[in-house]
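Me: I'm new to this one and would like a close look at a single part of it. Could you take me through how some of the helices pack?

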Amino acid sequence: MAKREKTATESLLQIALGLEIIVVFFGALVLNGLRLYSGPVVLLGAIVTVVVLVVLYRAVQYRWGQLLGHVVQVVLLASFWWDIAIGLSFAVVVAFWVFGAIRGPMLDRNKPDSSQ
């Protein structure tokens, strides 16, 4: 059985999601260290966010997964209302997502057909 070949869009969006997971990890460390919220609240929020991002990591191979990813990116940008520093951190990785969502399909369209 041949292994499915990833599209450029899928690869770029997965890179963006990996960066977002790293931001969540370090953000949780900062929030816990600053004692802005209790440890269990920070842990629960980080775990839920990482689980959503990991599920999305697997789902971006499908069109519905990419659309769901766009919704998740808007939610991550909404973190500006919670804290400016967290919002700025997510804004950087959301920019990577936007790049992948725009550039990936361009690369996929220009890919030579390997079935010939």
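How do helix 1 and helix 3 run relative to each other, roughly parallel or roughly antiparallel?

Reply: Keep in mind that this is a predicted model. Let's start with your pair. Helix 1 covers residues 8-34, and helix 3 covers residues 63-77. Their axes come within 12 Å and cross at roughly 30°. Angles under 35 degrees count as roughly parallel, so helix 1 and helix 3 are roughly parallel to each other. The crossing of these two is left-handed. On the helix 1 side, the residues that make the contact are Thr9, Leu13, Leu17 and Glu20, and they meet Gln66, Gln73 and Leu76 of helix 3. Sort that contact by residue kind and you get three nonpolar, three polar and one charged.

Now stay with helix 3 and look at its other partner here, helix 4, which spans residues 84-109. The axes of helix 3 and helix 4 come within 10 Å, with a crossing of roughly 155°. An angle over 145 counts as roughly antiparallel, and therefore helix 3 and helix 4 are roughly antiparallel to each other. This crossing is left-handed too. Helix 3 brings Gln66, Gly69, His70, Gln73, Leu76 and Leu77 to the contact, where they meet Phe90, Ala91, Val94, Trp97 and Ala101 from helix 4. That set splits into seven nonpolar, four polar and no charged residues.

Notes: Residues are numbered from 1 along each chain as its sequence is written. This is a predicted model: local features need pLDDT of at least 70, side-chain atom pairs count only at pLDDT 80 or more; totals for chains, interfaces and linings use all residues. Side-chain values use heavy atoms; hydrogens and water are left out. Axes are lines fitted to C-alpha atoms, for helices over the stretch in contact, and angles run from 0 to 180 degrees between N-to-C directions. Helices (H or I, at least four residues) and strands (E, at least two) are DSSP runs, numbered from the N terminus. Angles under 35 degrees count as roughly parallel, over 145 as roughly antiparallel, 65 to 115 as roughly perpendicular and the rest as oblique. A crossing is left-handed if the near helix is turned anticlockwise from the far one by less than a right angle, and right-handed if clockwise. Contact means heavy atoms within 4.5 Å. Ala, Val, Leu, Ile, Met, Phe, Trp, Tyr, Cys and Pro count as nonpolar, Asp, Glu, Lys and Arg as charged, and the others, Gly among them, as polar.
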